[in-house]
Amino acid sequence: MQKFIVELIGVFTQKDLPEDYEKFVEYKATMLNREVSETDKIAVLKVKDTTSYQILFLDDYNSMDEIDKEIDETLDGKIYNFNIRKILEGHLNG
């Protein structure tokens, strides 16, 4: 069975975050019981052909394997796009 396709909307800091995604970031931060700092890198992902979003605080991850595991377990999804994977890896390693 094929997984849902997960797309990257963008990687933002809190000050650059588009208003449309603020409530998703606030919700995820509340779930994780964490404060969002102005320097946190926040990845906004979308499940293709849905209105579902996933927020990732990139400093919580050490590798793409950890991100892949979360996306698989929480969304039954997968990042198939090589460029999206490279962008996220760049933010994890940079």
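Start by selecting E7, which stands opposite K46 in β2. This is a predicted model, in which local features need pLDDT of at least 70, side-chain atom pairs count only at pLDDT 80 or more, and totals for chains, interfaces and linings use all residues. Residues are numbered from 1 along each chain as its sequence is written, and side-chain values use heavy atoms, with hydrogens and water left out.

**The sheet**

Now select residues 4-12 and 42-47: these are β1 and β2, joined in the antiparallel sense over six bridges. (Strands are DSSP runs of E, at least two residues, and helices are runs of H or I, at least four, numbered from the N terminus; two strands pair if DSSP finds at least two bridges between them.) Widen the view to the open sheet, whose four strands follow the order β3-β2-β1-β4 with mixed pairing. Its edge strands, β3 (53-57) and β4 (77-78), each pair on one side only.

**The helices**

Next, pick residues 22-32. This is α1, lying across β2 and β3 at about 60 degrees to β3. Then take residues 64-75: α2 lies across β1, β2, β3 and β4, at about 150 degrees to β3. (Axes are lines fitted to C-alpha atoms, for helices over the stretch in contact, with angles from 0 to 180 degrees between N-to-C directions; contact means heavy atoms within 4.5 Å.)

**The lining residues**

Finish with F24, Y27, Y53 and I55, which are among the residues lining the largest pocket. (On a 1 Å grid over the protein atoms alone, a pocket is an open set of points where a 1.4 Å probe fits, with protein on both sides within 12 Å along at least five of seven lines; lining residues have an atom within 4 Å of a point.) Which helix gives the most to this lining? α1 does, with five residues.
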